[in-house]
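Have the structure open while you read.

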Amino acid sequence: MFAEARPRRQRQFEDFTASELYCPRCRRAMPVRSRLLLVLPDGELHEYLCQACATSVGTKTVRENRPSQVFIP
Ligand SMILES: [Zn+2]
């Protein structure tokens, strides 16, 4: 079940960096920033906000039960 083939750095990058999401207000894909919305028993719920108009364009749950999470400098 665990993604053994994927580099850990890549995963981490994906977790912390949202790509562009479609903003209904700007009517185009916009860069977004994430904001911590809720702390759940098994992770955190983040909300994505459009960087231009701060409209909420999506949410994401970041799981914390990742085994073998090692930070490699
Ligand atoms: Zn927008």
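**Confidence and ground rules**

This is a predicted model, so to speak of local features a pLDDT of at least 70 is needed, side-chain atom pairs count only at pLDDT 80 or more, and totals for chains, interfaces and linings use all residues. Residue numbers start from 1 along each chain as its sequence is written. pLDDT is the predictor's confidence in each residue, from 0 to 100. The protein chain averages 78 on that scale, and 63% of the residues score at least 70. Among the elements, helix α1 (residues 8–16) has the lowest mean pLDDT, 49, while strand β2 (residues 28–30) has the highest, 95. Where pLDDT is low, the predicted coordinates should not be read in detail.

**The overall layout**

The protein chain has 1 helix and 5 strands, in the sequence pattern α-β-β-β-β-β. Helices (H or I, at least four residues) and strands (E, at least two) are DSSP runs, numbered from the N terminus. Of the 73 residues, 10% count as buried. For that label, 20 or more other C-beta atoms must lie within 10 Å of the residue's own; 12 or fewer makes it exposed, anything in between is partly exposed, and C-beta atoms are placed from the backbone. Contacts are pairs of residues whose C-beta atoms, placed from the backbone, lie within 7 Å. Of the contacts with a separation of 6 or more, 25% are between residues 24 or more positions apart.

**The sheet**

Three strands make an open sheet in the order β3-β4-β5, with antiparallel pairing. Here β3 and β5 stand at the edges with a single partner strand each, so one side of each is left without a neighbour in the sheet. From one strand to the next, the twist averages 25°, taken between N-to-C directions (0 to 180 degrees) of axes fitted to C-alpha atoms.

Zoom in on β3 (residues 32–40) and β4 (residues 43–50): 8 bridges join this antiparallel pair, where DSSP has to find at least two bridges for strands to count as paired. The two form a hairpin with 2 residues between them. Leu40 stands opposite Gly43 in β4, and Ser34 has Tyr48 as its bridge partner.

**The core**

Which residues make up the largest nonpolar core? Cys23, Val32, Tyr48, Leu49, Cys50 and Val57 do, 6 residues in all. β4 gives the most to this core, with 3 residues. Such a core is a set of buried Ala, Val, Leu, Ile, Met, Phe, Trp, Tyr and Cys residues joined through C-beta atoms within 7 Å.

**Two loop residues**

Cys26 is in the loop between β1 (21–23) and β2, and Ala52 is in the loop between β4 and β5 (56–63). Cys26 counts as partly exposed because it has 14 C-beta neighbours inside 10 Å; Ala52 gets that label with 13. Leaving aside neighbours within four places in sequence, Cys26 is in contact with Cys50, Ala52 and Cys53, while Ala52 touches Cys26 and Met30.

Here are two C-alpha separations involving these residues:

| Pair | Apart in sequence | C-alpha to C-alpha |
|---|---|---|
| Cys26 and Cys53 | 27 residues | 7.6 Å |
| Ala52 and Pro31 | 21 residues | 8.0 Å |

Methods. Contact = placed C-beta atoms within 7 Å.
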